[in-house]
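Please keep the sequence and the model in view while reading.

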Amino acid sequence: MKSRSKALAASLAAVGLVASLAACSAGSSSGKTELRVATFPPGADAAAYEAFAAQEEQFEKANPDIDIIGVEYEWEGPTFAVQLAGGSLPDVFTVPFTDSKTLLENGQLMDVTAEVEELGYADKFNPIILEQVQDADGNIFGFPRQAYAMGLHYNRDLFEQAGLDPDAPPTTWDEVREAAKAISEATGKAGFAQMSMNNTGGWQLTAATIAHGGRTQEGTTGSYTSTINNPGTVAALEFLHDLRWEDNSMGSNFLLDWGTINQEFAAGNIGMYTSGSDVYTALVRDFSLDPAVYGLTVIPLEGDDAGVLGGGDIAVVSPTVSEAEKAAAVKWIDWYYMQKLLNKDAAVLDAQTLVDSGQAVGTPVLPVLDQETYLESREWIADLINVPLDQMTGFFDGIFEQTPVGEPKGKTQEIYALLDTVVQAVLTDQNADIDALLTKADADAQALLDE
Amino acid sequence: MTRTPKRTPATWLRGGGLSTLVFALPMVLVFAVFSWSPIVQSFVMSLQKTNLITSEWVGLDNFVRVLSDPLLGTAVVNTLYFAALALVFGFPLPILLAVLMSEVRRGKGVYSALAYLPVIIPPVVAVLLWKFFYDASPTGVFNSVLGWAGIPPQPWLQAQATAMPSLVLEATWAAAGGSIIIYLAALLSVPPELYDAAEVDGASIWHKIWHVTLPQLRGVIFIMLILQVLATAQVFLEPFLFTGGGPNNATVTVLLLIYRYAFQNSLGGNYGEATALSVLLAIVLALLSFVYFKLTDKWSAS
């Protein structure tokens, strides 16, 4: 008798376990279309959530049959593919230009050609940018929503402490070097810092290469040639070498990536660094930067064919959603990402909502639509712009005269990873042989491209 | 003569076998789903090219590619370097501390608590704390302390030569507490008569440790040694969080390389290569353990 009641108890426990597991996957019963959309990276401040909640309410009021569920999301190499395979990606999310081509070739993005055409702004996109989300037949797989150009970010406070004029930031790489030296001598902080980890070292080295008139890759789809060992890359690395080993003006931390360099900059430990022009939003929202010390200018361009590296991201729909969810997803993308670029009322509403929750409005970007529409859209919200525009004049005055250059298309992230090592070697080994490092990286990159 | 009753399904049932099975079932299921099935799946995956949605069989291609990766040699050497440093500096330390602590007459509890404290701190938190301590500027925590002693600031994680020893230092600190507790427990089982006899023979404290304590701890030391070798061969947390494998691949370990294969590139995730290297590592470690236990069996018997 006793053993039977024990068995019963155990069976009940087992059933309970299974039942509670099953409860995890309970579906919707409200009759609305549930749409899981990407919001912002984990770690954003409470005000960002308030702003999103307000926008969610506005959208749901206009579209009562759609239930928006915000999901924290950050595009990260390590988790993206696993989330995609495991089905835990939001239905609407964003991916950088560098990955959009491969994703659409792998069939991992939903075709939205018909929807974009129906919305009527297919021809308004900047064609260079639209090309990032089209396959060979011209089908469209996403909405370019934001683009950036590389910019030089600097700390005005450290400039002042070093006796430099924060309203006249450096305009050549030599001036950057001088300013870095002055800052580190006067304050003991890093005058100039450089990302070097998790593929960001390669990203920044590519940007510096292009700014020195070089290119790390040539050719078109299917026949890329690695040109990593070029005078531009050599110049970019020699610049780093001189700052690190001759001037000692790069501080003492040489293992930085996008997140940690932002953190150090926001904490006032870095005088200057290069990163996307749109990073101000994240610096304030996620890293608590004091806006008063922020300065932004264009990166110096030197050499005949010099340009500014640009990139950006696109809003896309998961390939696994149903027809109803797809329709809802397109409505959301149009409302959340696109209308504010096209329509005065939407732009003002969006800006007002963000301003009310203390979010940055007016961060400099590159236009994904034509330049005219972009400048017009800034007029609409001129009164609401709350980023310190007068501390960004260097960027606004110079950016439209710089030639934007896209990121290398073949095996982008893998080659960035190879270049991380090169940057780290130059920063941590005084006798690093730049030519040998680049020759090796070039051969390794070509092997990747030939696969 | 005792008669062993013949075991039949009926006696099994009467003896409460069914309820045992039912009680064990949740555990068996959990193990099957979360532990055994991934092991089998990774063997399968090592023979495939997969993006986790569609897969194709590629035979031993993944193994060939892994073995021809120039970074594999670097990773193996780095891992051996880490293991060797941990063995030379990290392994004797807990034994020494445990023996010393067992000799202390008062406040033993306080010392064990202090020694065990680092184990209580979550490993990731510990690494991030140490990353802060390792700040390479002259005002960094460790560099300030060194400065008081007149030692110039060290680059710690920021130079290729000092990065790996810095990782070992933290790993030793983090792991010592657990080992000390185990050795302390083992020391309790050493019969006090042996010490008394040694004392009568006029043995010094070092003679007692060398001729009584250590031989008595032999079994535990053998086990702890192979456990440490297995753990250091799979070191991941420290290089991943401290340096990401840098500077200039100075701290890329085998497990970090596996991670990179699988996750570094969002789109080209080489899960096949990652599992192939995992399988290779598992085989090497299994062989090592087998040989080790054969050898120590012999030593223990002699």
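Residues 274-293 of chain B are 100% helix and 0% strand, with end C-alpha atoms 28 Å apart; helices (H or I, at least four residues) and strands (E, at least two) are DSSP runs, numbered from the N terminus. This is a predicted model, in which local features need pLDDT of at least 70, side-chain atom pairs count only at pLDDT 80 or more, and totals for chains, interfaces and linings use all residues. Residues are numbered from 1 along each chain as its sequence is written, chains are lettered from A and ligands numbered from 1 in the order in which they are written, and side-chain values use heavy atoms, leaving out hydrogens and water.

The unreviewed UniProt entry lists 274-293 of chain B as a "transmembrane region", along with 12-36, 80-101, 113-133, 171-190 and 217-237; such annotations may be inferred rather than shown by experiment. Residues 171-190 of chain B are 90% helix and 0% strand, and their end C-alpha atoms are 29 Å apart.

In chain A, helix 15 (residues 371-380) holds the buried residues A:Thr373, A:Tyr374, A:Ser377, A:Arg378 and A:Trp380. Buried means under 20% relative accessible area, exposed over 50%, and partly exposed in between (1.4 Å probe, protein chains only). Viewed down the axis of helix 15 of chain A, the buried residues fall within an arc of 150 degrees, so they line one face of the helix; the arc is that of the directions from the helix axis to the C-beta atoms. The face turned away from this buried side carries the exposed residues A:Glu372 and A:Glu379.
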